[in-house]
Amino acid sequence: MKRTCLGCALAGVVLCLISVSAAAQGNQSTPRTADGHPDLSGVWIGQRAPFVESTDPLAQNLASRDGTLLNFERDNAMIRRSDPNKPMYKPEFWEKVQKLDQNGNTEDPSFGCKPAGVPRMGPPAQLVQTPKLMVFLYMSPAAEGWGDAYRVIMTDGRAHTPLDDLDGTWKGESIGHWEGDTLVIDTIGFNDTSWLDITGYFHSENMHVIERMHRDGDTLTWQATVDDPDVLVKPWTMNTRTLKLNADPKATLTETLPCVEHDLSHLVTKEHH
Amino acid sequence: MMIRRFFCYSLIAGALAAPCARAQDAATVIKNAEYALGMIRGPQRIDAINTLEYWGTGSTYAFGQAYHPGSAWPEFKATYHASLSYAVPAMRIDVTRSNPDGPIQGGGGLPLASPQRQIQVVSGKFGWNESVPGAGFTAGTTATPTSDAVNDRLLQLWMTPFGVLKMAVKAGAAAKVSTEGGATVITFPLSGPLEGITVKATLNAKNQPERVETRTNDPVLGDMVTETTYSDYKDLSEITTDVPFPSHIVQKQGGFPVLDLTITKADTNNPYVVFPVPDNVEKAPPPAVKVETQKVSEGVWYLTGGTHHSVAVEFKDYVALVECPLNDARALAVIDAVKKTVPHKPIRYAVNTHHHFDHLGGLRACVAEGATVVTGAEEKPYYEKVWAMPHTISPDRLGKAPKKAVIEAVAEKRVLTDGTQTLELYRLQGTNHADPMLIGYLPKSKVLIEADAYNPAPPNAAPGPVVKENVNLYDNIKRLNLDVQQITPLHGRLMTISDLRKAIGQN
């Protein structure tokens, strides 16, 4: 909202070009920490993995109409909704999802500079691993909620705080553990304000998210399953995202511009911007 | 570097998007049609339409339920809402139909006492009807499995403008292009569960599908043409998408309209529509043709077990079978049951009560069995006409071993008798359901055989309002001075004359 679509698109292009470069580095063996677990630490690239497969680095980030880049689809509405992998809401919520989606300009919390929350914020851009905790660092647009974000995942064997004792938050309470070489992050304690995606996918405070992260050489896969029996017919597994390690040992995250909302009152259609 | 690359992609994209000037191969024609419908999006040029909703008002028609044989299907006013997913594939048709102008003539549920909502769903290999959208996942709602309808519903999905182009793409090299009357025509075979069906899509001057034609098997009409015309394409989305959708849809089957809709809104913006399959639908056993034989009186058997019943009447040397309903499968099962019940006697007569397709669909099997058809006078020329149509898509018993049908036309009355048994057939007068329509009466056992004039409700059902057709049947019984004790409705269950009197408020 605070930037132009072209700005977002160019940022995406840069990410993709870097991704291509990183991919060209070739596979590496999976490093391990002293306690024997895969070492997930590093700067990771390619957080956004559209379901549309294309080798065209521009294709995944620029929306066009009538097949020409000179005629951008104004709101990228068709493609971003065409993912057949949808959460299966209970019938009484179908109309609500549609209305939220159609009025996304005013209803989508991230349009108002609010955090994306888990799991919409996706996998981190950088991961710092210690024996007892992991720190996930994000930068927009990966975090989608505009602004840099972080998560701390405890891996010290503790149990969840009882749900009734948790204040519902955007990121919830995340507890991690290892299942073989896969890091499993169990998160509860959400507010019901965030969405799962841009298409009106709301959730309840009783949402339970399981994320699975697995490193194979210089490739990190992330997958999240959302269980929310209050609103969903069955758990929903989001599309797997694949990240590549930035092989540059000096790589760091760049600062994201602050989110300042000032466009919303000027919108005259329901098209997303 | 970035700018140079950007313009390079732009030039390539523009070149590929331009209409092909040379002779058009099928793939190019289909691609141009996809562009014309706004389906192709992004530099990756993918077909981005996966889900769709549209709303309309107009008319639906009860296929095969004409009042007179050979006349148009009876009309209902309708509000119509379709939601569909090409990815699953799945479709939900939510129709509320009514006949606000009062009773009209024909079958299919006419007359409607009040608006009637029908929700038909297909999702992959499952089909069901819903009491409300999403039924089966909320207490108090009902999802009724209808696995027999799966392929018909899938075909409707793939005959939509976007669907037909998606399937044309899927057909690959099997898709062919020709020109008819100056219009471009794409012809291709369907695959998967619809294998064997060929689609013919005619494009308008803007490369949009304007007529889609298929041939499928119908028990009565044989290789039946379904023709859907799409006209007056507009962007009907609430949020502008530049995806044109036809604002007028007309579908014909057997030469008469079954659907005539003015589309008021189309959400082509990949709306959230889902089709979860209820447990009871997923676990429903495959439909089986079942015939239950119930002896009503000496030499009279009521053949039930499905939605449509028959009655077998034993004579000294033969059997007369009243009604060969639905289709080959049902009729053959009924014939088999008759042979087991009355062995060593041929079915000499097959009495047909009326021409509605659900009562006529199995009659060809009875012709193939060697029975003489006994039916209403105006039905004879109609049956001779439709039975001469080709049945090549799914040949039935008569199609595999053609035999000329012997048809006896009944004007007002016909009596089958051999001294031991008598079956009287009368033309039912005053009915709005179908004309002509025969009822049967067995004076020896005082049993009345009728179809659709009295469809008794299930036991313990709350009494409903008086139905005019029930009253009319009773009036005919009185007019003909029939001493009826029992009634064998060809829908429902064995009843008595007292039950009919109660139904019409004459206790």
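Guide: Two strands are said to pair if DSSP finds at least two bridges between them. The model discussed here is predicted.

Visitor: In what order do the seven strands of the open sheet in chain B follow one another?
Guide: Strands of a sheet pair through backbone hydrogen bonds, either parallel or antiparallel. In this open sheet of chain B the pairing is mixed. The order is S16-S17-S18-S19-S20-S21-S22.

Visitor: Which strands of chain B are the edge strands of this sheet?
Guide: An edge strand here pairs on one side only. That applies to two strands of chain B, S16 (292-297) and S22 (407-410).

Visitor: Which residue in S17(B) stands opposite B:Glu292?
Guide: S16(B) and S17 of chain B, the latter comprising residues 300-304, run antiparallel and are joined by five bridges. Within S17(B), the residue facing B:Glu292 is B:Thr304.

Visitor: How many helices and strands does chain B have?
Guide: The sheet described above takes in seven strands. For chain B as a whole, the count is twelve helices and 28 strands.

Visitor: What is the radius of gyration of chain B, and how does it stand against the globule rule?
Guide: For 507 residues the globule rule gives 23 Å, and the value for chain B is close to this, so the chain is as compact as a globular protein of that length. Its C-alpha trace spans about 100 × 50 × 40 Å along the principal axes. The radius of gyration is 26 Å.

Visitor: What percentage of the residues of chain B count as buried?
Guide: A residue is buried if 20 or more other C-beta atoms lie within 10 Å of its own. Of the 507 residues of chain B, the share that counts as buried is 46%.

Notes
Residues numbered from 1 in each chain as written. Chains lettered and ligands numbered in written order. Predicted model: local features only at pLDDT ≥ 70, side-chain atom pairs only at ≥ 80, totals over all residues. Helix = DSSP H or I, 4+ residues; strand = E, 2+ residues; numbered from the N terminus. Rg over C-alpha atoms; globule rule 2.2 N^0.38 Å. Buried ≥ 20, exposed ≤ 12 C-beta atoms within 10 Å, placed from the backbone.
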